[in-house]
Amino acid sequence: MIIRFVKMTFQDDKVAEFESVFYQTRPGILNFKGCNNVNLYADAKSKNVYFTISEWDSEEDLDAYRSSDFFRKTWSAVKPLFCSRAEAWSLAPRPNDE
């Protein structure tokens, strides 16, 4: 399992546009092979900072999504709304030390 965190900082006047794009595309993301969940979170203190947190069966599934036309189209709609570069982390569960 892979958990993907993406931090995005938007131009103040573009936040509503981003939310619209996210909620329109969320069902499509959830339909990708290996995607178990994707949610949007807003920073509690900064109104223009958002995080997406998604859960994938494998890194290969995440990479297939990131290589898709769907992702490229979505990212090209979202990227111009940023006021700084997005940051992303992929995390895997730590093996149990038993």
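Is cysteine 35 buried or exposed in this model? Keep in mind that what you're looking at is a predicted model. Cysteine 35 has 9% relative accessibility, so it counts as buried. Cysteine 83, at 47%, counts as partly exposed. Here are the two of them together:

| Residue | Relative accessibility | Class |
|---|---|---|
| Cysteine 35 | 9% | buried |
| Cysteine 83 | 47% | partly exposed |

What about bonds between cysteines? A disulfide is a covalent bond joining the sulfur atoms of two cysteines. The count of disulfides here comes to 0.

Now for the inside of the protein. In soluble globular proteins, nonpolar side chains tend to be buried together. The largest nonpolar core here has 21 residues, and Met8, Phe10, Phe18 and Trp56 touch the most other members. Two or more residues each come from β1 (2–9), α1 (15–30), β2 (35–42), β3 (49–56), α2 (59–66) and α3 (69–78). The largest share, 5 residues, is from α1.

Take a closer look at tryptophan 56. Setting aside its neighbours within four places in sequence, its contacts include Met1, Ile2, Ile29, Phe32, Cys35, Leu62 and Tyr65. Arg4, Lys33 and Asp61 are also among them.

Finally, check out how two of the helices pack. The axes of α1 and α3 come within 10 Å and cross at roughly 170 degrees. That's over 145 degrees, so α1 and α3 are roughly antiparallel to each other. On the α1 side, the contact is made by Phe18, Val21, Thr25, Gly28 and Ile29, while α3 brings in Phe70, Thr74 and Val78. Sorted by class, this contact has 5 nonpolar, 3 polar and no charged residues.

Key. Residues are numbered from 1 along each chain as its sequence is written. This is a predicted model: local features need pLDDT of at least 70, side-chain atom pairs count only at pLDDT 80 or more; totals for chains, interfaces and linings use all residues. Side-chain values use heavy atoms; hydrogens and water are left out. A nonpolar core is a set of buried Ala, Val, Leu, Ile, Met, Phe, Trp, Tyr and Cys residues joined through side-chain atoms within 4.5 Å. Buried means under 20% relative accessible area, exposed over 50%, partly exposed in between (1.4 Å probe, protein chains only). Helices (H or I, at least four residues) and strands (E, at least two) are DSSP runs, numbered from the N terminus. Contact means heavy atoms within 4.5 Å. Axes are lines fitted to C-alpha atoms, for helices over the stretch in contact, and angles run from 0 to 180 degrees between N-to-C directions. Angles under 35 degrees count as roughly parallel, over 145 as roughly antiparallel, 65 to 115 as roughly perpendicular and the rest as oblique. Ala, Val, Leu, Ile, Met, Phe, Trp, Tyr, Cys and Pro count as nonpolar, Asp, Glu, Lys and Arg as charged, and the others, Gly among them, as polar. A disulfide is a pair of cysteine sulfur atoms within 2.5 Å.
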